[in-house]
Amino acid sequence: MGFKNNLSSGEIVEQLVHASRLSTIRNIVFMGMGEPLNNYSSLVDAIRVMTASPFQISPRKITVSTVGIIHAINKLHNDVPNLNLAVSLHAPVQDIRCQIMPAARAFPLEKLMNALQEYQKKSQQKIFIEYIMLDGVNDEEQHAHQLGKLLEPFQVVVNLIPFNPIGSLSQFITSTNQKVTRFQKILRDIYDIRTTVRKEMGQDISGACGQLVVNLPDKRSISNAAPLTDIEDIRRQ
């Protein structure tokens, strides 16, 4: 995709404003296209607004996901305490992690785990570990054991994420259900690590996690769509 732009704190909060008009918002997750901790000041400012009046979202209902930006993790708890931290780990060893996530080269696994240990010592909260399942890359039994040993010193919840295929644009393919189940069983039974499997939704229409970006937008549908109301246009009720 390449880098386009960082959202301002106002643009981030604007999403909450629009969403709040449709439904009561109980949880907020900073995750997806882009690295939240690479937009640190806007992230922190937005969270401070969200946890204050009129929104008053509890920090424990807010999750920030990161690929592991160590210097930002080191100061996150002091700047906005009591958040949920989720880490896109995806591999139990550095070389496989770099193969999956080129950004991991800048953040060695050993240093990342040290930073997470310090974060957990300060926050006294569980850390959520995201782990995408890629056939033949990081989904073998040996990887499950390596991950279990790596996470033994921590209080964590591991979320196994079946990979959503994106045609010819990726070298990776999805792990079988049997491999995912076996991986989960090893972490649960041998290492006593709470492990969940993310439910796949939208894959049948290529709208699942990671798939939408590869499809070019339909210019006709965009031109015919009604304009969205901007936050500046919302009148006080």
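Me: Axes here are lines fitted to C-alpha atoms, for helices over the stretch in contact, and angles run from 0 to 180 degrees between N-to-C directions. With that in hand, at what angle do helix α6 and helix α7 pack?

Reply: Helix α6 (residues 141-151) and helix α7 (residues 177-191) pack at an angle of about 35 degrees, and their axes are 9 Å apart. This is a predicted model, in which local features need pLDDT of at least 70 and side-chain atom pairs count only at pLDDT 80 or more, while totals for chains, interfaces and linings use all residues. Residues are numbered from 1 along each chain as its sequence is written, and side-chain values use heavy atoms, with hydrogens and water left out.

Me: Which residues of α6 and α7 make the contact?

Reply: From α6 they are E141, H143, A144, H145, L147, G148 and K149, and from α7 they are R182, F183, I186, L187, I190 and Y191, where contact means heavy atoms within 4.5 Å.

Me: What about strand β2, is it enclosed or open?

Reply: Strand β2 (residues 62-66) is largely enclosed by the rest of the structure, because five of its five residues are buried, that is, under 20% relative accessible area, with exposed being over 50% and partly exposed in between (1.4 Å probe, protein chains only). I62, V64 and T66 point one way from the strand, whereas T63 and S65 point the other way.

Me: Which residues does T63 touch?

Reply: Leaving aside its neighbours within four places in sequence, T63 is in contact with I28, V29, F30, N84 and A86. V29 also stands opposite T63 in the strand pairing, and T63 counts as buried because its relative accessibility is 15%.

Me: How many bridges join β1 to β2, and how many join β2 to β3?

Reply: Strand β1 (residues 28-30) is joined to β2 by three bridges, while four bridges join β2 to strand β3 (residues 84-88), and both pairs run parallel. In β3, V87 is the bridge partner of T66. Together, β2, helix α3 (residues 70-79) and β3 make a right-handed β-α-β unit, where right-handed means that, with the strands pointing away from the viewer, the path from the first strand over the helix to the second runs clockwise.

Me: Last one: what share of the chain's residues counts as buried?

Reply: Of the 237 residues of the chain, 40% count as buried.

Note on methods
Helix = DSSP H or I, 4+ residues; strand = E, 2+ residues; numbered from the N terminus. Pairing = 2+ DSSP bridges.
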